[in-house]
Amino acid sequence: MHYFTPRRCESSNKIMYHDKVQALRAAEDSRIERGTELWVYRCEFCGCWHLTHRDPQLHLQTQSFRGGRKPTSRKKGYKPRQR
Ligand SMILES: [Zn+2]
């Protein structure tokens, strides 16, 4: 039996992967086995790779979308006087 208990991060309590390939493989496994899509990111606390349910890039994308969506929008409550 090969059952290894992975180390966990002290900061996030997530499983630590020493390289990105390992983390990506684990993410792939969970997608196939459980249908859960996971993203891989590098932890600043331990310097290892973790898996997350949220896409870390999605946040940045929505922010830039919001900024570039209505560049010409004006103040609310602005009413041009009709006369
Ligand atoms: Zn960590």
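Predicted model: local features only at pLDDT ≥ 70, side-chain atom pairs only at ≥ 80, totals over all residues.
**Entry 1: the strands**

I started at Trp39, whose bridge partner in E2 is Thr52. Numbering runs from 1 along each chain as its sequence is written, and side-chain values use heavy atoms, with hydrogens and water left out.

Next I looked up how strand E1, residues 39-42, sits against E2: the two pair (at least two DSSP bridges) in the antiparallel sense, over four bridges. They make a hairpin with six residues between them. In the turn I found Gly47 with a positive phi of about 75 degrees.

Then I asked myself which way the side chains of E2 point. Trp49 and Leu51 go one way, His50 and Thr52 the other, and all are buried (under 20% relative accessible area; exposed is over 50%, partly exposed in between, 1.4 Å probe, protein chains only). That reminded me that side chains in a regular strand alternate between the two faces of the sheet.

**Entry 2: the whole chain**

I stepped back and listed the elements: the chain has two helices and two strands (DSSP runs, at least four residues of H or I for a helix, at least two of E for a strand). Their order from the N terminus is α-β-β-α. I noted that 19% of the 83 residues count as buried. I also looked up contacts (heavy atoms within 4.5 Å) between residues at least 6 apart in sequence: 39% of them join residues at least 24 apart.

**Entry 3: the zinc ion**

Which residues coordinate the zinc ion? I found Cys9, Cys43 and Cys46, each through SG, plus His50 through NE2, at 2.1 to 2.4 Å. These donors (N, O or S within 2.8 Å of the metal, 3.2 Å for Na, K and Ca) follow the spacing C-x33-C-x2-C-x3-H along the chain. The angles between the four donor atoms run from 103 to 122 degrees, so the arrangement is tetrahedral (all angles between 85 and 135 degrees). For reference, the ideal angle for four tetrahedral donors is 109.5 degrees.

I then followed Tyr17: beyond its neighbours within four places in sequence, Tyr17 is in contact with Gln22, Ala23, Ala26, Cys48, Trp49 and Leu51.

Is Ser30 buried or exposed? I got a relative accessible area of 2%, so Ser30 is buried. Ser30 sits in helix H1, and its contacts more than four places away in sequence are Gly35, Thr36 and Leu38. Arg31 is also placed in H1, but a relative accessible area of 41% makes Arg31 partly exposed. With residues up to four places away in sequence not counted, Arg31 touches Thr36 and Glu37.

Methods:
Tetrahedral: all angles 85-135°; square planar, octahedral: opposite > 155°, others 65-115°.
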